[in-house]
There are 2 protein chains.
Amino acid sequence: MDEVPGSVGTSASFSLRLGQTIFSSASLLFMSLGVEFYSYTAFCYLVTIMGLVIPWSFTLALVDGYSVLVKCPIRQPGILLIIVVGDWVLSILTLAAASSTASVVDLLLNANGSNCPPKLCSRYNISAAMAILSWFLSLASALFNLWLLPSL
Amino acid sequence: MDEVPGSVGTSASFSLRLGQTIFSSASLLFMSLGVEFYSYTAFCYLVTIMGLVIPWSFTLALVDGYSVLVKCPIRQPGILLIIVVGDWVLSILTLAAASSTASVVDLLLNANGSNCPPKLCSRYNISAAMAILSWFLSLASALFNLWLLPSL
């Protein structure tokens, strides 16, 4: 069986997972350090989804790191299927959360008579950007693993 | 080669494409019959994406209808690849547009001191719901065609 770069158990996959963990943690931190996030539905949704993505990516980063160290990648179709489905679901949810947040921030910045302090709003903006980067890496992981799936 | 239900050139695919066309047209109509949509970035984005989805789905519905009638489905890998990539890109864009619109509508409905007339806002809400239904059908099409792709 040929090795797909970026699939589970390779060092490229480890970097992707690490990137996802870092970007989603950054998104969560930038969002929740502001005290007003719970008054907007989209921001609460982003925090919820990031709370799901961080443990998922972190666990898979640990698995990948371990697989690289012992040079024995996971190749059970059942486990890979769970990883692929989880990746796809989380990447769709992350995209929805990131675009909701971005559009709400845009509305808060541009609306007439909005009372959003520029410092707080730019923090929300950075959070949305981090979430989009995290979505991008998550989509890459999902695609690589989906590519590997039929060859098992 | 086994026939995948819902892939290009079957009657299930024709129904999916028809559903996408109907839901995205409904979404576009509900959004653009209101006169204020161009003052919100998310709503302009939804209108743009729906303007891309409608001709794409309509063309493929025609192709599917023709294939069903002449009983000769398209099986060139190159054409199928273009359809799969287009479906995925459009389904990602539709999801982003739908969730942006939904979150902005939610913000407009719940924000203090918002001046959104209930009639207009509920129309935006229906538009977002139609866009999400259109995304759902588009994702189904993309999955079925992706499933067919390795067997060619």
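1. In this predicted model, R17(B) forms a salt bridge with D87(B), the closest N and O atoms being 2.8 Å apart, where a salt bridge is taken as a side-chain nitrogen of Lys or Arg within 4 Å of a carboxyl oxygen of Asp or Glu. The pair links distant parts of the chain, with R17(B) in helix α1 (residues 11–32) of chain B and D87(B) in helix α3 (residues 77–110) of chain B, 70 residues apart. Helices here are DSSP runs of H or I with at least four residues, strands are runs of E with at least two, and both are numbered from the N terminus. R17(B) is buried, with a relative accessible area of 1%, and D87(B) is buried with a relative accessible area of 1%; buried stands for under 20% relative accessible area, exposed for over 50%, and partly exposed for what lies in between, with a 1.4 Å probe and protein chains only. Side chains of opposite charge can pair when their charged atoms come close.

2. The structure holds two salt bridges over all chains, and one of them is the pairing of the side chains of R17(A) and D87(A), at 2.8 Å from N to O. This pair also links distant parts of its chain, since R17(A) lies in helix α1 of chain A and D87(A) in helix α3 (residues 77–110) of chain A, 70 residues apart. Both R17(A) and D87(A) are buried.

3. On conventions, residues are numbered from 1 along each chain as its sequence is written, while chains are lettered from A and ligands numbered from 1 in the order in which they are written. Because this is a predicted model, local features need pLDDT of at least 70 and side-chain atom pairs count only at pLDDT 80 or more, whereas totals for chains, interfaces and linings use all residues, and side-chain values use heavy atoms, with hydrogens and water left out.

4. S138(B), which has its place in helix α4 (residues 118–148) of chain B, is buried with a relative accessible area of 6%. Once its neighbours within four places in sequence are left aside, S138(B) is in contact (heavy atoms within 4.5 Å) with Q20(B), D87(B) and S91(B); D87(B) is also the acidic partner in the salt bridge with R17(B).

5. As for the chain as a whole, the secondary structure of chain A comes to four helices and zero strands, in the pattern α-α-α-α along the sequence. The C-alpha atoms of chain A fill a box of roughly 60 × 25 × 20 Å along the principal axes, and of its 152 residues 47% count as buried. Among contacts in chain A between residues at least 6 apart in sequence, 82% join residues at least 24 apart. The accessible surface of chain A comes to about 7400 Å², of which 74% belongs to carbon and sulfur atoms; accessible areas come from the Shrake-Rupley method with a 1.4 Å probe, and for residues only the protein chains shown count as cover.

6. The buried residues of α1(A), including L16(A), R17(A), Q20(A) and M31(A), pack against α2 (41–70), α3 and α4 (118–148) of chain A. L18(A), also found in helix α1, is partly exposed, with a relative accessible area of 38%.

7. In chain B, the 30 residues of helix α2 (residues 41–70) should span 44 Å, and the end C-alpha atoms are 44 Å apart, which agrees. Just after α2(B), K71(B) takes a positive phi of about 55 degrees.

8. V8(B), found in the segment before α1 of chain B, is buried with a relative accessible area of 2%. Apart from neighbours within four places in sequence, V8(B) is in contact with several residues, among them D64(B), P73(B), L80(B) and N145(B).

9. Finally, on symmetry, chain B can be laid on chain A with an RMSD of 0.0 Å by a turn of 180 degrees and a shift of 0.0 Å along the axis, which is the relation of a two-fold axis. The superposition is by least squares on the C-alpha atoms of residues with pLDDT of at least 70 in both copies. Of the residues of chain B, S100(B) comes closest to the rotation axis, at 2.1 Å (C-alpha).

Definitions and conventions
Expected span 1.5 Å × (residues − 1).
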